[in-house]
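Welcome! Please take a moment with the sequence and the structure below, and then we will walk through some of the main features together.

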Amino acid sequence: MTEITDTPAFEVINTRRLSFSPAQVFQAFTDPEQLQIWWGPEGFTNRFETFDLRVGGSWLFTMINENDREFPIVKEFIEVTPQRIIMKHIQPMHDFVMTITFQPGPDETTDLTWIMDFAPGQDDGLATFLHAANEQNFDRLEAHLNSL
């Protein structure tokens, strides 16, 4: 199993209250057909090769931007529960652990939080870009859930 760094170099944290139940939001993450539709910032599409959602399982996919540039991504699942998914981003250019939590809010809403803990030696200049990209990802998730 992949180790989690106790002291990250920096963190990127995004939180949003969604007007959907935790079960609905969790389903959008755990169903690869849904996830493939909304994952990533605005303008990106995805091609999934492997989505093995279990502890020790891999998520191998390619994100494709609006200029058809491809970004191969490798992640390993560290924890998978209905309340939390933790995954390790494997590539050295972006070395981080991402924790996604699904907390019940009032009136069947969900407080969704993403925490990206970057390993020491990573460029913290990415933080502003990643925070904005994660917000776009939240927008895409909300639009997807509204379309169901």
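## The nonpolar core

Which residues of the largest nonpolar core touch the most other members? They are Phe 29, Trp 39 and Leu 112, in a core of 34 residues. Helix H3 (residues 126-147) supplies the largest share of this core, with five residues. Please keep in mind that this is a predicted model. As a general background, nonpolar side chains tend to be buried together in soluble globular proteins.

Let us look at Leu 112 in more detail. Setting aside neighbours within four places in sequence, the contacts of Leu 112 include Val 25 and Phe 29.

Five of the six residues in S5 are buried, so the strand is mostly covered.

On one side, S5 runs antiparallel to strand S4 (residues 70-80), and five bridges join the two. S4 and S5 make a hairpin with three residues between them. Within this pairing, Glu 79 stands opposite Ile 86. S5 also pairs with strand S6 (residues 96-104), again in the antiparallel sense, over six bridges. Here Lys 88 has Val 97 in S6 as its bridge partner, and the hairpin formed by S5 and S6 has six residues between the strands.

## Salt bridges

How many salt bridges does a search of the whole structure find? The search finds nine. One of the pairs is Arg 17 with Asp 111, where the closest N and O atoms are 2.7 Å apart. This pair links distant parts of the chain: Arg 17 lies in strand S1 (residues 10-18) and Asp 111 in strand S7 (residues 110-118), 94 residues apart. Arg 17 counts as partly exposed because its relative accessibility is 47%, between the cut-offs of 20% and 50%.

Another salt bridge joins Arg 47 and Glu 49, with the closest N and O atoms 3.6 Å apart. Arg 47 is partly exposed at 35%, as is Glu 49 at 48%.

Finally, a network of salt bridges links Arg 16, Glu 135, Asp 139 and Glu 142.

How values were computed: Residues are numbered from 1 along each chain as its sequence is written. This is a predicted model: local features need pLDDT of at least 70, side-chain atom pairs count only at pLDDT 80 or more; totals for chains, interfaces and linings use all residues. Side-chain values use heavy atoms; hydrogens and water are left out. Buried means under 20% relative accessible area, exposed over 50%, partly exposed in between (1.4 Å probe, protein chains only). Helices (H or I, at least four residues) and strands (E, at least two) are DSSP runs, numbered from the N terminus. Two strands pair if DSSP finds at least two bridges between them. A nonpolar core is a set of buried Ala, Val, Leu, Ile, Met, Phe, Trp, Tyr and Cys residues joined through side-chain atoms within 4.5 Å. Contact means heavy atoms within 4.5 Å. A salt bridge is a side-chain nitrogen of Lys or Arg within 4 Å of a carboxyl oxygen of Asp or Glu.
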